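Visitor: I'm new to this one. Can you walk me through it?

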Amino acid sequence: MISSLRHSLGYSIVLVVLFGVTLCVPLLRAQAPDAKREAQLRSVSGVVIDKSDSPIPASVVFLKNTRTNTVRSYISDNSGNYRFSGLDPNADYELHAEKDGAKSQTRTISSFDSRKEMVLNLKLDKKKP
């Protein structure tokens, strides 16, 4: 009797462990592609500067995904720095800065550029039309 009780208790523990593992495997598989996708994401950062290469704080930097036409914006910090992260490696982007009627040239970030971390400084030197 005791031996059959031990046997059924051990069998029950094995079933509970197997059931728990079965539940965890799909969760681990679901996280693996997210981690892989996150590792492939890119970022772009830089400094907004004027004609004399001095940083310009509080400039508005625009980033446009040319595939989806979504636009993100960032206000540069007190040192003129900006940063966009989480960029899709399969999309092209257009980047420019504006402040007080001045605008930088539009820079393009190509999906063929394999760099994960890009540094693009933006020079405000012409008035918007």
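Guide: We'll go through the core, the aromatic rings and the salt bridges.

Visitor: Fine. What should I know before we start?

Guide: This is a predicted model: local features need pLDDT of at least 70, side-chain atom pairs count only at pLDDT 80 or more, and totals for chains, interfaces and linings use all residues. Residues are numbered from 1 along each chain as its sequence is written, and side-chain values use heavy atoms, with hydrogens and water left out.

Visitor: How many residues are in the largest nonpolar core?

Guide: The largest nonpolar core has 18 residues. Such a core is a set of buried Ala, Val, Leu, Ile, Met, Phe, Trp, Tyr and Cys residues joined through side-chain atoms within 4.5 Å. Buried means under 20% relative accessible area, exposed over 50%, partly exposed in between (1.4 Å probe, protein chains only). Val44, Val61, Tyr82, Phe84 and Leu95 have the most contacts inside the core.

Visitor: Which elements give two or more residues to it?

Guide: They are β1 (42-49), β2 (60-65), β4 (81-87), β5 (93-99) and β9 (122-127). Strands (E, at least two residues) are DSSP runs, numbered from the N terminus; helices (H or I) need at least four.

Visitor: And Val61, what does that touch?

Guide: Leave out residues up to four places away in sequence. Then the contacts of Val61 include Tyr74, Tyr82, Phe84, Leu95 and Leu122. Contact means heavy atoms within 4.5 Å.

Visitor: Some of those are aromatic. How many aromatic pairs are there?

Guide: The count is 2 aromatic pairs. Rings of Phe, Tyr and Trp (its six-membered ring) pair if their centres lie within 6.5 Å; planes under 30 degrees apart count as stacked, over 60 as edge-to-face and the rest as tilted. Tyr74 and Phe84 are edge-to-face, with 6.1 Å centre to centre and 65 degrees between the planes.

Visitor: Why does that pair tie together separate parts?

Guide: Tyr74 lies in strand β3 (residues 71-75) and Phe84 in strand β4, so the pair ties together parts 10 residues apart in sequence.

Visitor: Are those two buried or exposed?

Guide: Tyr74 is partly exposed, at 32% relative accessible area. Phe84 is buried, at 3%.

Visitor: Why is the pair of Tyr82 and Phe84 called tilted?

Guide: Their ring centres are 6.1 Å apart and their planes are at 55 degrees, so the pair is tilted. Tyr82 is buried too. Tyr74, Tyr82 and Phe84 form one aromatic cluster.

Visitor: New topic. How many salt bridges?

Guide: The count is 4 salt bridges. A salt bridge is a side-chain nitrogen of Lys or Arg within 4 Å of a carboxyl oxygen of Asp or Glu. One of them joins Lys123 and Asp53 (3.3 Å, N to O). Lys123 lies in strand β9 and Asp53 in the loop between β1 and β2, so this pair ties together parts 70 residues apart in sequence.

Visitor: What does Asp88 pair with?

Guide: Asp88 meets Arg67 in a salt bridge (2.4 Å, N to O). Asp88 is in the loop between β4 and β5, Arg67 in the loop between β2 and β3, 21 residues apart. Asp88 is buried at 16% relative accessibility, whereas Arg67 is exposed at 52%.

Visitor: What else is Asp88 in contact with?

Guide: Leaving aside neighbours within four places in sequence, Asp88 is also in contact with Leu41, Arg42 and Tyr93.

Visitor: And what forms a salt bridge with Asp113?

Guide: Arg115 does, with the closest N and O atoms 2.7 Å apart. Arg115 is partly exposed at 41% relative accessibility. Asp113 is partly exposed at 22%.
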